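Have the sequence and the 3D view ready as you read.

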Amino acid sequence: MDAYDRKILAELQRDGRVSVTDLAARVGLSLSPCHRRLRALEQSGVIRGYRAELDPAALGLGFSTIVFVTLKEGDKRAVEAFEKAVVALHEVVQAQRLFGDPDYLLQVLVRDLSAFQRLYDAELSSLPGVQRLTSTLVMKQVVAERPLFPGGTQ
């Protein structure tokens with residue numbers, strides 16, 4: 001990966017809908033080489049896809065929580081059962097398995113506190129293998145989805 005590839009990635013992170021013609025102009029390449037590089041980045045898996053960035057609050061999902069999960073057991077069966085159940089909860093917008101304690105970090109988006117309480121009581125507390133849940137409220141997003149190549153020169 002060279003400076004041109006990083007510039008391409010930086011521009012796409014800013015505007016994933018940019019045309020290849022405009023992208024080429026922004027990074028200082030002619031159309032054909034820019035298009036070849038773009039396809040190579042896609043085919044190699046560096047670019048996983050393109051998507052719209054949605055505003056949760058505008059969709060009525062103004063309540064964000066982080067839930068830390070500690071499992072009773074860490075064996076393969078327990079981990080697989082827990083992860084399968086978490087994947088089925090559409091309110092969990094991000095789930096990460098951690099080293100150490102706790103075992104998981106879940107980011108949950110719901111409408112309000114009442115919706116979170118219902119989710120917690122009905123779903124989260126009954127996830128398979130859970131020993132302990134600890135929740136905290138998100139006050140505000142400080143850094144969200146930071147570009148990996150913000151200026152294209154790293």
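Predicted model: local features only at pLDDT ≥ 70, side-chain atom pairs only at ≥ 80, totals over all residues.

Which residue does the side chain of Asp 5 meet in a salt bridge? The partner is Arg 37, with N and O 3.0 Å apart. This pair links distant parts of the chain: Asp 5 sits in helix 1 (residues 3-14) and Arg 37 in helix 3 (residues 31-43), 32 residues apart.

Is Arg 37 buried as well, or is it partly exposed? With 23% relative accessibility, Arg 37 counts as partly exposed.

## More pairs of opposite charge

Side chains of opposite charge can pair when their charged atoms come close. How many salt bridges does a search of the whole structure find? The total is 10.

One of them joins the side chains of Arg 39 and Glu 42, at 2.4 Å from N to O. These two are three residues apart in helix 3, so about one helical turn separates them.

Another salt bridge is formed by Asp 101 and Arg 132, whose closest N and O atoms are 3.2 Å apart. Here, too, distant parts of the chain are linked: Asp 101 lies in the loop between strand 2 (92-97) and strand 3 (104-110), while Arg 132 belongs to strand 4 (residues 130-137), 31 residues away. Asp 101 is exposed, with a relative accessible area of 56%, whereas Arg 132 is partly exposed at 37%. Salt bridges can also share partners, and in this way Glu 11, Arg 14, Asp 15 and Arg 26 are joined into one network.

## A buried charge without a salt bridge

Now find Glu 91, in the loop between helix 4 (76-87) and strand 2. What is the nearest side chain of opposite charge to Glu 91? It is that of Arg 118, 8.7 Å away.

## The chain as a whole

Step back and you can count five helices and four strands. From the N terminus on, they run in the order α-α-α-β-α-β-β-α-β. The radius of gyration is 20 Å, well over the 15 Å that the globule rule gives for 154 residues, so the chain is more spread out than a compact globule. Along its principal axes, the C-alpha trace spans about 55 × 35 × 25 Å.

Of the 154 residues, 31% count as buried. Contacts tell you about the fold too: among those between residues at least 6 apart in sequence, 62% join residues at least 24 apart. The accessible surface comes to about 10,500 Å², and 52% of it belongs to carbon and sulfur atoms. Finally, the chain carries 20 positive and 19 negative side chains, and the centres of these two sets lie 5 Å apart.

Note on methods. Residues numbered from 1 in each chain as written. Heavy atoms only, no water. Salt bridge = Lys/Arg side-chain N within 4 Å of Asp/Glu carboxyl O. Buried < 20%, exposed > 50% of the residue type's maximum accessible area, 1.4 Å probe, protein only. Rg over C-alpha atoms; globule rule 2.2 N^0.38 Å. Contact = heavy atoms within 4.5 Å. Areas by Shrake-Rupley, 256 points an atom, 1.4 Å probe, with all protein chains shown as cover. Lys, Arg positive; Asp, Glu negative; His and termini not counted. Charge placed at Lys NZ, Arg CZ, Asp CG, Glu CD.
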